[in-house]
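These are my notebook entries on one structure. I looked up its fold, its ring pairs and its charged pairs.

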Amino acid sequence: GHSALKAPPGHVDRVPTRMASYTFDRDHIFTVTLANGQTWRQVSGDTHTAHWNKPATDYAVKVTRGAFASYNFQVEGMPEVYKVDPIG
């Protein structure tokens with residue numbers, strides 16, 4: 001099996017993880033910290049607006065690689081796919 005292979009530091013999880021916290025700035029751009037310690041910020045040019053109102057830990061999310069070194073952020077059970085950048 002491939003279980004001995006280690007993902008490189010800062011790898012992108014394709015398996016859902018939970019939000020630990022989220023905030024919105026004055027332009028309603030979100031910043032999310034995940035349970036695994038990663039922090040992601042919505043790209044300012046993204047046309048989707050998140051409308052989350054439950055506690056962060058209620059949301060399961062996954063981050064996947066998009067085109068041209070971009071990242072896609074999706075909340076499980078919701079259709080929107082947001083463009084995000086890693087922070088830190």
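I count a salt bridge when a side-chain nitrogen of Lys or Arg lies within 4 Å of a carboxyl oxygen of Asp or Glu. The model is predicted, so I took local features only at pLDDT of at least 70 and side-chain atom pairs only at pLDDT 80 or more, while totals for chains, interfaces and linings use all residues. Residues are numbered from 1 along each chain as its sequence is written, and side-chain values use heavy atoms, with hydrogens and water left out.

**Entry 1: charged pairs**

I searched the whole structure and found 2 salt bridges. One of them joins R26 to D27, with the closest N and O atoms 3.9 Å apart. I checked accessibility next, calling a residue buried under 20% relative accessible area, exposed over 50% and partly exposed in between (1.4 Å probe, protein chains only). R26 and D27 are both exposed.

D25 forms a salt bridge with R41, and here the closest N and O atoms are 2.8 Å apart. D25 sits in the loop between β1 (17-24) and β2, and R41 in strand β3, so this pair ties together parts that are 16 residues apart in sequence. D25 counts as partly exposed because its relative accessibility is 28%. R41 is partly exposed as well, at a relative accessible area of 30%.

**Entry 2: fold**

I took helices (H or I, at least four residues) and strands (E, at least two) as DSSP runs, numbered from the N terminus. The protein chain has 0 helices and 6 strands. Its elements run β-β-β-β-β-β from the N terminus on.

In what order do the strands close into a barrel? The order is β1-β2-β3-β6-β5-β4, with antiparallel pairing; I regard two strands as paired if DSSP finds at least two bridges between them. Direction ignored, neighbouring strands of this sheet are turned by 45 degrees against each other on average, where the axes are lines fitted to C-alpha atoms, for helices over the stretch in contact, and angles run from 0 to 180 degrees between N-to-C directions.

I then looked at one strand pair. β3 and strand β6 (residues 81-87) are joined by 4 bridges in the antiparallel sense. T39 stands opposite I87 in β6.

**Entry 3: ring pairs**

I paired rings of Phe, Tyr and Trp (its six-membered ring) when their centres lie within 6.5 Å; planes under 30 degrees apart count as stacked, over 60 as edge-to-face and the rest as tilted. The structure holds 11 aromatic pairs. One of them, F30 with W52, is tilted, at 4.7 Å centre to centre and 50 degrees between the planes. F30 belongs to strand β2 (residues 30-34) and W52 to the loop between β3 (39-42) and β4 (60-65), so the pair ties together parts that are 22 residues apart in sequence. Both F30 and W52 are buried. Ring pairs also link F30 and W52 into a cluster with Y22, F24, Y59, F73 and Y82.

**Entry 4: D58 and chain totals**

I located D58 in the loop between β3 and β4. D58 is partly exposed, at 42% relative accessibility. Its C-alpha atom is separated by 7.5 Å from that of M19, 39 residues apart along the chain.

For the protein chain of 88 residues, I noted that buried residues make up 33%. Among contacts (heavy atoms within 4.5 Å) between residues at least 6 apart in sequence, 48% join residues at least 24 apart.
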